[in-house]
Amino acid sequence: MTYIEIVEKIRTANLVLVGLGESLSGDLEHFYSRLAVLLKDKDYFIVTLKERSALEQAGLLPEQIVSPLEEGEDSKSWERYLHWLGFTLNQKLCIVELGVGFLHPSLIRFPFEKTCYFNQKSILIRIHETFWQLSAEIAKRGTAIQEDPVLFLTSGEEAER
């Protein structure tokens with residue numbers, strides 16, 4: 001799947017769930033800016049293992065971000081996320097995992113797979129250099145890309161022009 005095809009999947013989805021994993025590195029400021037452009041005018045929620053402040057600085061809405069590992073993160077953010085997630089069933093949902101590995105699989109990787117499995121109208125796009133594989137249960141509705149997610153997203157900007 002190309003960058004342009006991923007952009008189209010996000011644009012045509014009713015809802016977008018994004019997971020940002022521990023292995024994201026490089027020009028994260030530019031990466032977050034590109035993510036903000038992709039999610040503009042979408043109903044989205046971001047679960048991040050990174051600091052939320054950089055996402056907010058990129059223009060992403062603080063009430064649509066949860067950072068479960070960040071010190072000082074309150075339970076209200078997680079409750080907002082679970083509430084939002086409850087309305088995704090039977091909706092056209094695009095799930096995007098960027099750099100999510102196995103350091104904390106119970107926070108993003110496994111729950112996102114479960115969400116995709118139960119919501120038959122969902123798709124999962126997983127971009128990771130090492131752990132890009134999809135489970136057999138969701139492989140038909142998923143796309144696995146073995147690349148650095150930061151480079152994939154920021155270099156895809158050229159393709160959009």
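Biologist: Is D41 buried or exposed?

Modeller: Let's start with the terms: buried means under 20% relative accessible area, exposed over 50%, and partly exposed in between, using a 1.4 Å probe and protein chains only. D41 has a relative accessible area of 72%, so D41 is exposed. A word on the background: this is a predicted model, where local features need pLDDT of at least 70, side-chain atom pairs count only at pLDDT 80 or more, and totals for chains, interfaces and linings use all residues. Residues are numbered from 1 along each chain as its sequence is written, and side-chain values use heavy atoms, with hydrogens and water left out.

Biologist: Thanks! Where does D41 lie, and what is its phi?

Modeller: The general idea is that most residues other than glycine have a negative phi. D41 has a positive phi, near 65°, and is not a glycine. D41 lies in the loop between α2 and β2. N90 is a further case, with a positive phi of about 65° although N90 is not a glycine. N90 sits in the loop between α4 (75-86) and β4 (93-98), and at 51% relative accessibility N90 counts as exposed.

Biologist: How many helices and strands does the protein chain have?

Modeller: Helices (H or I, at least four residues) and strands (E, at least two) are DSSP runs, numbered from the N terminus. The protein chain has six helices and six strands. Read from the N terminus, the order is α-β-α-β-α-β-α-β-α-β-β-α. The radius of gyration of the protein chain is 14 Å, close to the 15 Å that the globule rule gives for 161 residues, so the chain is as compact as a globular protein of that length. That radius is taken over C-alpha atoms, and the globule rule is 2.2 Å times the number of residues to the power 0.38. The C-alpha trace spans about 35 × 35 × 30 Å along its principal axes.

Biologist: What share of the residues counts as buried?

Modeller: Of the 161 residues, 48% count as buried. For contacts, the rule is heavy atoms within 4.5 Å. Among contacts with a separation of 6 or more, 60% are between residues 24 or more positions apart.

Biologist: Where does K42 lie, and which residues does K42 touch?

Modeller: K42 is in the loop between α2 (28-39) and β2 (43-48). K42 counts as buried, at 18% relative accessibility. Not counting residues up to four places away in sequence, K42 touches I10, R11, A13 and V16. The C-alpha atoms of K42 and T12 are 9.6 Å apart in space, while the two residues are 30 apart in sequence.

Biologist: How many disulfides are there?

Modeller: A disulfide is a covalent bond between the sulfur atoms of two cysteines. The rule used here is a pair of cysteine sulfur atoms within 2.5 Å. By this rule the count is zero. C94 is in no disulfide, and the nearest cysteine sulfur, that of C116, is 9.7 Å away. C94 counts as buried, at 0% relative accessibility. C116 is also buried, with a relative accessible area of 0%.
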